[in-house]
Amino acid sequence: RPGLARGVGPSAGAALRGRRLSHGVGLRPTASESDRSCRWVRAWLTGGMRSRGIALGRIAGVDVAAELSTLVIAGLLTWSFASGLLPIAVPQRLPIVYWSVGIVGALLFLASLLGHELAHAVIARRNGVGVESITLWMFGGVAQLTGNPPGPGAEFRIAAAGPAASL
């Protein structure tokens, strides 16, 4: 699309401006792009999505928030465990048992998402990159970095930290 620059890492050049997301792909408007186009996309990519989130607190000096869509996913996971999977896998238990296990399962899933994003944040800090916040949302999470990694090796370590933590 004209007016947008796409690049990875410091070699992407001056066309990339603003904050970067932990997953290493930058999509930033160039100077020639008018202010009226794709405002919501730019707001979402640069952290505007966090304003709709629910603050969960701070972990290691990093603000952690969750979008409302995270609650929807947690609810769907709980419901699918409690009303579908568990009654078939372990029949003849009380409904409270199914719902309790469903809630615990959904919370463990969300904790794994947070652990994934925290791994990005910790490795980013170790490589000299500031971390503004972590936001969990419907499709995972985003660690919002305040700068660019000092080199390609640091960028690789930051990008690989999340999947490594998920293993």
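This is a predicted model: local features need pLDDT of at least 70, side-chain atom pairs count only at pLDDT 80 or more; totals for chains, interfaces and linings use all residues.

**The chain as a whole**

- The chain has 167 residues, and 39% of them count as buried.
- Take the contacts in the chain with a separation of 6 or more: 52% of them come from residues 24 or more positions apart.

**Where H2 meets H3**

- Helix H2 covers residues 68-89 and helix H3 covers residues 95-126; their axes come within 8 Å and cross at roughly 140°.
- With that angle, H2 and H3 are therefore oblique to each other.
- The crossing of H2 and H3 is a right-handed one.
- On the H2 side, the residues making the contact include Ile73, Leu77, Trp79, Phe81 and Leu86.
- H3 brings in residues including Tyr98, Trp99, Ile103, Phe109 and Leu110.
- Sorted by class, this contact of H2 with H3 has 15 nonpolar and 4 polar residues, with no charged ones.

**A look at Gln144**

- You'll find Gln144 in strand E7, which spans residues 140-145.
- Is Gln144 buried or exposed? Gln144 counts as buried, because its relative accessibility is 3%, and the cut-off for buried is under 20%.
- The Gln144 side chain is joined to the side chain of Ser133 by a polar contact of 2.7 Å.

Technical notes: Residues are numbered from 1 along each chain as its sequence is written. Side-chain values use heavy atoms; hydrogens and water are left out. Axes are lines fitted to C-alpha atoms, for helices over the stretch in contact, and angles run from 0 to 180 degrees between N-to-C directions. Helices (H or I, at least four residues) and strands (E, at least two) are DSSP runs, numbered from the N terminus. Angles under 35 degrees count as roughly parallel, over 145 as roughly antiparallel, 65 to 115 as roughly perpendicular and the rest as oblique. A crossing is left-handed if the near helix is turned anticlockwise from the far one by less than a right angle, and right-handed if clockwise. Contact means heavy atoms within 4.5 Å. Ala, Val, Leu, Ile, Met, Phe, Trp, Tyr, Cys and Pro count as nonpolar, Asp, Glu, Lys and Arg as charged, and the others, Gly among them, as polar. Buried means under 20% relative accessible area, exposed over 50%, partly exposed in between (1.4 Å probe, protein chains only). A polar contact is a pair of N or O atoms within 3.5 Å; within protein, one must be able to donate a hydrogen and the other to accept it, and residues adjacent in sequence count only if both atoms are side-chain atoms.
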